[in-house]
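The exercises below concern the structure shown next. Each task is followed by a solution in steps.

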Amino acid sequence: MIAPDTNIVVLGRVGSGKTTWIQRVLIPALRKQRNGILVIFDSKDEYQVSAPDVSSAMDLNRVIYACKDRPPKIIRVPIPRPSMEVAEQFLAAAWAPVGEGSSDAEFYKPEFPVRVLIDDAPMYYMERGGADPDWLRTWYIMGRSAKRTLVTAAQRTQFIPKGILTMSEHLVAFKMANYDIKNYVARYHGESEANMVKSMRRYQYSFISDLLDEPLVFDPYVGPGITKRPTGVEL
Ligand SMILES: Nc1ncnc2c1ncn2[C@@H]1O[C@H](COP(=O)(O)OP(=O)(O)OP(=O)(O)O)[C@@H](O)[C@H]1O
Ligand SMILES: [Mg+2]
């Protein structure tokens, strides 16, 4: 179902289970796909991968396209100071070997699929108030045919660029703010989808997809790797 040419949006309010699900369910599933490479933008230092980290856009481009060995299946890019510029540089570097397909008259012919995971996407894109920067637009408009796709996760819809929201084939919805259920799920997907999301328990999630007639609801992930986070102080 999660084919190399489909984009995924993961929505859910603070602590609703997005990152845990991405780490424990989605990444293991993507790892099974042949040839595919997953690039993780990690701005909260939450992801662990076996390959060495990549530290610059040039480095990322080289690891994916210019290594003698096969590129690692999963590449982590730590981004301690997220900004739109940084995200755009890494997106450009993940798309194609430097120089190829860069002229306006030429298409890049990809040899293998690349997917970029942008958890907490608003950290990169809120300075644009949800507008679509160039390289991001390239990913979701041209990405399907080039097998360049995104997994975009966020707590709220406000600061995710519109194109990502409206052009992603799959929505994975955890418990969401009422505003987003009303203004995004109900409006773009339908009332029954909105009611389904509204009625979910904690850590449950709905899979709402262009490829399904009816949305599916899944029980919370159960298994290793659930970390306790501090619960805060009552004042
Ligand atoms: N399936 C689950 N079962 C039990 N506890 C869970 C589950 N998923 C997440 N949690 C708990 O909820 C906490 C928050 O989960 P997680 O970090 O995945 O949420 P998030 O939606 O990514 O939050 P944020 O928006 O802050 O990034 C985790 O520390 C974990 O303790
Ligand atoms: Mg998270």
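**Exercise 1.** Determine which elements the buried residues of α5 pack against.

*Solution.* Step 1: this is a predicted model, in which local features need pLDDT of at least 70, side-chain atom pairs count only at pLDDT 80 or more, and totals for chains, interfaces and linings use all residues. Residues are numbered from 1 along each chain as its sequence is written, and chains are lettered from A and ligands numbered from 1 in the order in which they are written.

Step 2: helices (H or I, at least four residues) and strands (E, at least two) are DSSP runs, numbered from the N terminus. Helix α5 covers residues 134-146.

Step 3: a residue is buried if 20 or more other C-beta atoms, placed from the backbone, lie within 10 Å of its own. In α5 this holds for L136, W139, Y140 and G143.

Step 4: the partners of these buried residues are α3 (84-95), β5 (148-154) and α6 (162-167).

**Exercise 2.** Locate the bend in α5.

*Solution.* Step 1: the bend is the angle between axes fitted to the seven residues ending at a residue and the seven starting there. Step 2: at Y140 the bend is about 40 degrees. Step 3: just after α5, K147 has a positive phi of about 55 degrees.

**Exercise 3.** Which residues are in contact with A94, leaving aside its neighbours within four places in sequence?

*Solution.* Step 1: contact requires C-beta atoms, placed from the backbone, within 7 Å. Step 2: the residues meeting this condition are V39, L60, I64, V114 and V116.

Terms used. Buried ≥ 20, exposed ≤ 12 C-beta atoms within 10 Å, placed from the backbone. Contact = placed C-beta atoms within 7 Å.
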